[in-house]
Amino acid sequence: MKEIYELTDGFSIPKLGFGTYKLNGAHGTRIIEQALQVGYRLLDTAFNYENEGAVGRAIKNSSVARDQLTVASKLPGRYHSYKDALTTIEESVSRLNLDYIDLYLIHWPNPKEDKYVEAWQALIDAQKTGLVRSIGVSNFLPEHINRLEKETGVLPVINQVELHPEFNQQAQREFDASKGIVTQAWSPLGRASKILQNETIQKIADKYDKSIAQIILRWEVQLNVLPIPKASHYLRQVNNFAIFDFELSKEDMEIINGLTKENGRTNDQDPAEYEEF
């Protein structure tokens with residue numbers, strides 16, 4: 001299995017990334033540097049995480065060549081007006097201390113303000129000027145993506161959503177795939193991590209001599225999803241990265257798919273209320 005996804009804009013992206021939410025300051029920088037040493041080549045941050053500087057320092061301190069890295073960041077909902085969006089993108093590039101950002105997403109559609117199409121146009125223009133390479137969205141529903149396509153003619157290459165065994169996002173995944181959009185998973189191991197004690201997945205993990213986290217991340221990759229787990233400890237980083245040397249059977253994939261719940265979000269809040277947006 002190839003370890004990259006081909007995007008519709010002609011670029012490629014690793015099938016596994018590293019999440020950096022709450023990895024701030026010098027301590028966060030060291031953890032991100034460690035992840036790069038382990039082998040992660042996709043780093044996911046956001047303007048609202050207030051750690052683009054830490055990510056940038058980790059990249060600068062690393063021996064990994066810039067062209068081997070995919071760096072992603074996100075536009076917050078409060079900056080969706082066209083001018084504000086462009087300025088915020090410029091700020092993200094500066095904070096990261098890079099010449100460009102590989103992947104830039106609208107963090108969420110902020111439907112009450114209803115300026116996400118305006119923000120999307122700013123991303124399109126930032127791509128044209130070279131500030132960003134690829135553009136996408138996060139937490140967008142089919143109706144939001146259809147509107148982007150209708151009003152701008154440009155589809156996102158990525159849609160980052162909450163996705164884990166108790167919330168497998170089948171309908172959203174199928175929609176994204178129909179548009180050539182790669183579905184990316186935030187909180188791929190669940191926000192409360194209760195899924196890591198799941199007895200059903202533990203039985204599958206024992207069968208493959210893998211950890212529950214490895215089984216879940218492998219399940220997501222085999223769904224053609226791009227997980228971005230976060231881990232502060234070295235051994236967990238290594239463990240999460242080691243998912244490309246085995247394959248889950250169709251039967252085991254179906255068992256994990258069967259764990260999804262009608263409202264399986266790990267947080268009962270509306271996504272608009274999540275602090276990281």
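**Close-up views of a predicted model**

Figure 1. Helices (H or I, at least four residues) and strands (E, at least two) are DSSP runs, numbered from the N terminus, and contact means heavy atoms within 4.5 Å. This is a predicted model, in which local features need pLDDT of at least 70 and side-chain atom pairs count only at pLDDT 80 or more, whereas totals for chains, interfaces and linings use all residues. Residues are numbered from 1 along each chain as its sequence is written, and side-chain values use heavy atoms, with hydrogens and water left out. Because 11 of the 11 residues of H8 (residues 212-222) are buried, this helix is largely enclosed by the rest of the structure. Buried means under 20% relative accessible area, exposed over 50%, and partly exposed in between (1.4 Å probe, protein chains only). Among the buried residues of H8 are Gln214, Arg218, Trp219 and Glu220. Just after H8, Asn224 adopts a positive phi of about 65°.

**Figure 2. Ser249 in the loop between H9 and H10.** Ser249 is located between helix H9 (234-241) and helix H10 (250-257). A polar atom of the Ser249 side chain lies 3.1 Å from the backbone nitrogen of Asp252. When residues up to four places away in sequence are not counted, Ser249 touches Lys207 and Tyr208.

**Figure 3. The crossing of helices H1 and H2.** The axes of H1 (residues 25-38) and H2 (residues 52-61) come within 8 Å and cross at roughly 45°. H1 is therefore oblique to H2. Axes are lines fitted to C-alpha atoms, for helices over the stretch in contact, and angles run from 0 to 180 degrees between N-to-C directions. Angles under 35 degrees count as roughly parallel, over 145 as roughly antiparallel, 65 to 115 as roughly perpendicular and the rest as oblique. H1 passes H2 in a right-handed crossing; a crossing is right-handed if the near helix is turned clockwise from the far one by less than a right angle, and left-handed if anticlockwise. On the H1 side the contact is formed by Gly25, Ala26, Thr29, Ile32, Glu33 and Leu36, which meet Ala54, Val55, Arg57, Ala58, Ile59 and Asn61 in H2. The residues of this contact comprise seven nonpolar, three polar and two charged. Here Ala, Val, Leu, Ile, Met, Phe, Trp, Tyr, Cys and Pro count as nonpolar, Asp, Glu, Lys and Arg as charged, and the others, Gly among them, as polar.

**Figure 4. Glu52 within helix H2.** Glu52 belongs to helix H2 and is buried, with a relative accessible area of 1%. Its side chain makes a polar contact with the side chain of Ser73 (2.6 Å). A polar contact is a pair of N or O atoms within 3.5 Å; within protein, one must be able to donate a hydrogen and the other to accept it, and residues adjacent in sequence count only if both atoms are side-chain atoms. Leaving aside neighbours within four places in sequence, the contacts of Glu52 include Thr45, Phe47, Ser92 and Arg95.

**Figure 5. Asp99 in the loop between H3 and E6.** Asp99 is placed between helix H3 (82-96) and strand E6 (101-106). This residue is exposed, with a relative accessible area of 73%. The C-alpha atoms of Asp99 and Leu131 are separated by 7.3 Å, although the two residues are 32 residues apart along the chain.
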